[in-house]
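Hi there,

Here is the structure I promised to pass on. Have a look first, and my notes follow below.

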Amino acid sequence: MNMRTISGLVLLLLGACLFLTQGKTFGPGQIFAYFWPAIFVIPLGLFFHWLYFTMIGRKGIGLLIPGGILFTAGVVCQISMLFNSWGYMWPGFILAVAVGLFEFYWFGNRNKWMLIPINILTVLSLLFFAVFSIGSIYNHFILSQPIFAIVFILAGAFILLVKKKDI
């Protein structure tokens, strides 16, 4: 990674932090509070990948499992920290295990039996993402918007007040 890439990433993260903390105090504590996954967890996952792809090679195929898990869990934690969405992002931890196992399968000897837990974990994670996301969208847009309540009240009143032959 060259200096331009690193400075671009630092400025990008700093801008995101400033955008998300408008009007609040900002210091080193907030940087660690918001970006601990990008500082500690994601680089560790990338380190395991770097070890496998550049240093050890096919002998160290097992490095991809913790590498994939840590990288994916770090991304999930970073998104959760930035958008305060822990209640919706937790299925990403199930997906992290599936990603680690999939990397082991893909770069390893392609044992077809590895696909069973990979697929189960992936489907389970996506199912939980869908259920919690749909529930969140429903609660946010339907239950918290008074316009829908007014529409339901008017529709119910219309049904009750209009005679059967008028409809």
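Let me start with Phe128, which is partly exposed at a relative accessible area of 25% (buried means under 20%, exposed over 50% and partly exposed in between, using a 1.4 Å probe and protein chains only). Before I go on, please note that this is a predicted model, where local features need pLDDT of at least 70 and side-chain atom pairs count only at pLDDT 80 or more, while totals for chains, interfaces and linings use all residues. Residues are numbered from 1 along each chain as its sequence is written, and side-chain values use heavy atoms, with hydrogens and water left out.

The rings of Phe128 and Phe132 form a tilted pair, because their centres are 6.5 Å apart and their planes stand at 55°. For ring pairs, the rings of Phe, Tyr and Trp (its six-membered ring) must have centres within 6.5 Å; planes under 30 degrees apart are stacked, over 60 edge-to-face, and the rest tilted. Phe128 and Phe132 are four residues apart in helix H6, so about one helical turn separates them. Helices here are DSSP runs of H or I with at least four residues, numbered from the N terminus. Phe132 is also partly exposed, with a relative accessible area of 32%.

The whole structure holds eleven aromatic pairs. One of them joins Trp90 and Phe128, tilted, at 5.0 Å centre to centre with 40° between the planes. Trp90 sits in the loop between H4 and H5 and Phe128 in helix H6 (residues 115-143), so this pair ties together parts that are 38 residues apart in sequence. Trp90 counts as partly exposed, at 31% relative accessibility. Elsewhere, ring pairs link Phe47, Phe48 and Trp50 into a cluster.

Another ring to look at is that of Trp106: the charged end of Arg110 sits over it, 3.9 Å from its centre (the criterion is NZ of Lys or CZ of Arg within 6 Å of the ring centre and within 35 degrees of the ring normal).

In H5, the buried residues include Pro91, Gly92, Ile94 and Tyr105.

Finally, Ser85 is in the loop between helix H3 (64-83) and helix H4 (86-89). Ser85 counts as buried, at 10% relative accessibility. Leaving aside residues up to four places away in sequence, Ser85 touches Ile79 and Ser80, where contact means heavy atoms within 4.5 Å.

Best wishes

Note on methods:
Helices (H or I, at least four residues) and strands (E, at least two) are DSSP runs, numbered from the N terminus.
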